[in-house]
Amino acid sequence: MLSFIVSEALVDLRRAGRVGVSAILLITLSLTALGGFWLLSLNLGRAVGQWRDRVRVVVFLREEPSTAALADLTRRVEALDGVQRVRYVGKAEALRSLRQSLGSQAGVVDHLPRNPLPASLEVTPAEGSTTPEATRALAGRLAAFPEAEEVQGGAEWVEGLARWQRLFQIVGLAVGAVLALAAILTVTTATTLVLHARRAETEIMRLVGASESVIRLPQLLQGMVQGLLGAVVALALLEAAYAVGAPRLEPLLQLTLGLARAAFLSLLQILFLIAGGALLGALGGLLARGRVTV
């Protein structure tokens, strides 16, 4: 019985002709659009998580403190709410960092009459305190210290990145939903045409006692096959685009977002897209079942 249903579904798929191919193409487009925006959102999410870990608030000190004064200042800063860690950067260490950052131009530093760089405290906000509001509040409390000359740092840039991530998610879902609706309607049309073509054959099957499930299941299976084909083609297009585009974009990602590599969809996300394609096709087959009376 199962082999009969499968063979009937494949025959129906051939009968659907160009309309059936159009349904596969629309499912491919909807899943490719969804997967493409998903890829962008995935990599932006990685960048947001990475940069949240790097958020620092820097307190530039009026003068380099003594050992005892530094211990007291560090203790008071660590006692503030929302502070995870405090690191002291002395004037000498700041100058060494400047030399390293200048590279081949480091000789310029040797001509300075004195070390102009201030000592500072690098304050790492606690987990959950890296939002713009929390870092601004922390910067305000640090600026109130009499030893503080200036306070810099915050999480506005990271939050801007997070907003772009959410925007890509919303746009991806919206575009994917519109294309998915078109794909469902096209699968419904293809299946309906097949039902009309099989009208006489279906009547004969009923006369010899075939059940409704035996008559209707091939249409449902036909839609699922169309959906699975569309999902496989969509994943192949995404994989090809990733293989070609990722090596070219990774230097730019490293420079702008700090990501060494662009990530592809996980196995779970790939399975979700395949299941989504099968579901779209199945919905089209079910709707056709409801529209046609044979």
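**Reading the spaces and the sheet**

Q: How many cavities of 30 Å³ or more does the structure hold?

A: The structure, which is a predicted model, holds one cavity of 30 Å³ or more. The volume of the largest cavity is about 40 Å³.

Q: What makes the lining of the largest cavity nonpolar, polar or charged?

A: Val, Leu, Phe and Ala are among the residue types that count as nonpolar, and by class the lining of the largest cavity has eight nonpolar, no polar and no charged residues.

Q: What is the volume of the largest pocket, and which residues are the closest to its centre?

A: The largest pocket has a volume of about 370 Å³. Of the 17 residues in its lining, Leu40, Asn43, Leu249, Leu253 and Ala262 are the closest to the centre of the pocket. Helix 1 (2–52) and helix 7 (212–256) are the elements that give two or more residues to this lining, and helix 7 gives the most, with eight residues. By class, the lining of the largest pocket has 14 nonpolar, three polar and no charged residues.

Q: What lines the second largest pocket, and which element gives the largest share of its lining?

A: About 230 Å³ of space lies in the second largest pocket. Its lining has 14 residues, of which Leu31, Leu34, Ala180, Gly276 and Leu280 lie nearest the centre. Helix 1, helix 5 (156–197) and helix 8 (267–291) each give two or more residues to this lining, and the largest share, six residues, comes from helix 8. The lining divides into 11 nonpolar, three polar and no charged residues, and Gly is counted as polar in this scheme.

Q: In what order do the four strands stand in the sheet, and what is the sense of their pairing?

A: The four strands form an open sheet in the order 2-3-1-4, and their pairing is antiparallel.

Q: Why do strand 2 and strand 4 stand at the edges?

A: Strand 2 (83–89) and strand 4 (148–152) each have a single partner strand, so one side of each is left without a neighbour in the sheet. From one strand to the next, the twist averages 20°.

Q: Where does helix 4 lie, and at what angle to strand 4?

A: Helix 4 (residues 132–143) lies across strand 1, strand 2, strand 3 and strand 4, and runs at about 170° to strand 4.

Q: Why is the chain called more spread out than a compact globule?

A: The chain has eight helices and four strands, which run α-β-α-β-α-β-α-β-α-α-α-α from the N terminus on. The radius of gyration of the chain is 31 Å, well over the 19 Å that the globule rule gives for 294 residues, and therefore the chain is more spread out than a compact globule. Taken along the principal axes, the C-alpha atoms fill a box of roughly 100 × 40 × 25 Å.

Definitions and conventions: Residues are numbered from 1 along each chain as its sequence is written. This is a predicted model: local features need pLDDT of at least 70, side-chain atom pairs count only at pLDDT 80 or more; totals for chains, interfaces and linings use all residues. Side-chain values use heavy atoms; hydrogens and water are left out. On a 1 Å grid over the protein atoms alone, a cavity is a set of points where a 1.4 Å probe fits but cannot get out, and a pocket is an open set with protein on both sides within 12 Å along at least five of seven lines; lining residues have an atom within 4 Å of a point. Grid points are joined across faces, edges and corners, and a volume is the space filled by probe spheres set on the points. Two strands pair if DSSP finds at least two bridges between them. Axes are lines fitted to C-alpha atoms, for helices over the stretch in contact, and angles run from 0 to 180 degrees between N-to-C directions. Contact means heavy atoms within 4.5 Å. The radius of gyration is taken over C-alpha atoms; the globule rule is 2.2 Å times the number of residues to the power 0.38.
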